[in-house]
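Student: I would like to learn how to read contacts made by aromatic rings. Please start with charges and then move to ring pairs.

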Amino acid sequence: DTSSGSASVTMTDANVTLTNAQFNKQLITISGTLTANVQLIFPATVKPWIVTNNTTGSFTIIAKTASGTGVPLTHGSQIIYSDGTNILSAAQQQSTATTAPLFNNDILIATTAFTQRALGNYSRSVSIVTSQTLDDSFVGALCILNSSSLLSITLPLMSAYSIGTSIEFVNNNTGMANIHSFSGQYILTANTTTDTVQIFSGETAKFTVVSSAYGNIWQLSGIVENRISNGSGFSYSGYRTITTGASLNQLDDGVAVITSGIPDSFSNPSIDITLPETPRNRTTITIVNQTQYPWLISAGSGTVQTMTGSTSSGYNINSNSTIRCVYNLASNLWIITDDSIASPNYLYYDGSIGSRYGYTTYPCKDTVTGIKRNFMFQFGQATTSAANGSDGTIFNFPIYFNSECFTCNVTDIYSTAYTISMLPISASGFKAWAKDSSGNYVTAPFLWQAWGI
């Protein structure tokens with residue numbers, strides 16, 4: 001049997017072509033002191049070999065066919081083979097397999113992709129300094145937000161990704177970031193779905209594709225989710241605590257800002273808060289000043305309006321007081337709806353003919369959170385539309401209630417309708433409808449009142 005046993009080859013500074021007796025052996029041992037890079041030439045015959053390189057010297061041996069490509073022979077033993085054209089290393093040939101779904105527990109091969117995902121490893125780390133819509137290259141990445149100004153980031157289209165796909169963000173700078181879902185898609189928090197999540201400085205947020213009652217959706221986790229969840233039951237989407245003097249350029253929609261522990265010796269204890277300049281309509285921010293110092297609340301280049309109807313570039317909130325700021329897109333104003341607890345009983349009234357409305361507040365205290373809040377009474381004039389039928393005509397309250405509208409009543413102005421009804425549908429609005437004596441829906445002006453907190 002000519003294939004049994006081993007063949008010995010000596011190499012120094014010249015290429016060597018294996019003889020028939022040598023390449024027919026399954027085991028080939030190379031020895032000698034190399035003084036140059038050399039080649040060991042194999043025949044273009046489909047066959048495997050075990051080659052042991054016992055040479056010395058800092059040079060390389062390439063195993064190849066006369067006209068094909070080859071592989072370097074490292075010191076020690078390795079398996080190589082010829083495919084009839086080239087010499088290949090068995091160690092370089094990789095098996096491939098389909099990556100199993102997340103949480104799969106059968107006997108399929110665990111690919112590197114599956115393993116990396118199970119370990120929570122990132123595909124890469126990328127710095128983001130400008131607002132943008134992310135593409136596929138960000139899937140699995142750790143995104144470092146490195147901007148001192150407001151960023152607007154849109155997540156990629158989710159439908160192309162499997163369950164378990166994720167993108168994570170770390171806000172490593174002083175600016176705030178708005179993370180938006182792709183148009184028509186949503187983000188799931190502990191309490192509800194949304195299309196926008198805000199990340200403060202120092203916070204993390206991870207978005208993972210999960211299956212839910214809403215279909216596939218981005219599930220939020222991380223510090224941001226904890227902040228939002230901790231606010232549930234408090235009538236706020238979350239809260240943020242300030243313990244030293246600071247200037248806040250951006251605040252979250254629905255967040256309660258609570259202060260404590262500012263030292264008497266602090267050189268400039270007053271805290272200036274700048275409200276967002278371009279928020280969504282009726283964005284609401286509650287600010288609780290639990291310190292002994294006043295604050296200045298401003299709207300950047302915009303204006304704020306107090307419950308007396310006056311406007312200015314800033315508003316002072318007194319020590320141990322609470323205010324609530326609501327953005328009115330139509331007038332481009334931040335309206336201070338809950339004035340300082342020390343003097344809350346202003347009556348705001350707009351007497352424009354055909355659209356009269358007003359509201360006032362009374363101090364109260366949330367016995368669950370201890371946060372000072374305000375009971376609110378609102379009133380106004382409106383007109384139902386017969387065209388809306390049983391769906392009723394939808395109206396917005398002049399100002400959002402903090403939590404809910406819990407009772408209301410309505411009065412027909414000119415006896416136009418036989419019956420007229422009003423029903424609160426959220427903290428932000430109500431619907432109303434009117435009928436004549438025959439039960440037909442009619443258009444009718446009416447006066448309304450609503451109470452809530």
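Tutor: A charge sits over a ring if NZ of Lys or CZ of Arg is within 6 Å of the ring centre and within 35 degrees of the ring normal. Here Arg124 lies over the face of Phe138, 5.0 Å from the ring centre. This is a predicted model, where local features need pLDDT of at least 70, side-chain atom pairs count only at pLDDT 80 or more, and totals for chains, interfaces and linings use all residues. Residues are numbered from 1 along each chain as its sequence is written, and side-chain values use heavy atoms, with hydrogens and water left out.

Student: How is a pair of aromatic rings described?

Tutor: By the distance of the centres and the angle of the planes. Rings of Phe, Tyr and Trp (its six-membered ring) pair if their centres lie within 6.5 Å; planes under 30 degrees apart count as stacked, over 60 as edge-to-face and the rest as tilted.

Student: How many aromatic pairs does a search of the whole structure find?

Tutor: Nine. Among them, Phe169 and Phe207 are edge-to-face, with 5.7 Å between centres and 80° between planes. Phe169 belongs to strand β14 (residues 166-171) and Phe207 to strand β19 (residues 204-212), 38 residues apart; strands (E, at least two residues) are DSSP runs, numbered from the N terminus.

Student: Is Phe169 buried or exposed?

Tutor: Buried (under 20% relative accessible area; exposed is over 50%, partly exposed in between; 1.4 Å probe, protein chains only): the value for Phe169 is 0%. Phe207 is also buried, at 0%.

Student: What is the geometry of Phe397 and Trp448?

Tutor: Their ring centres are 5.8 Å apart and their planes at 55°, so the pair is tilted. Both residues, Phe397 and Trp448, are buried. Phe395, Phe397, Phe430, Phe446 and Trp448 form one aromatic cluster.

Technical notes. Helices (H or I, at least four residues) and strands (E, at least two) are DSSP runs, numbered from the N terminus.
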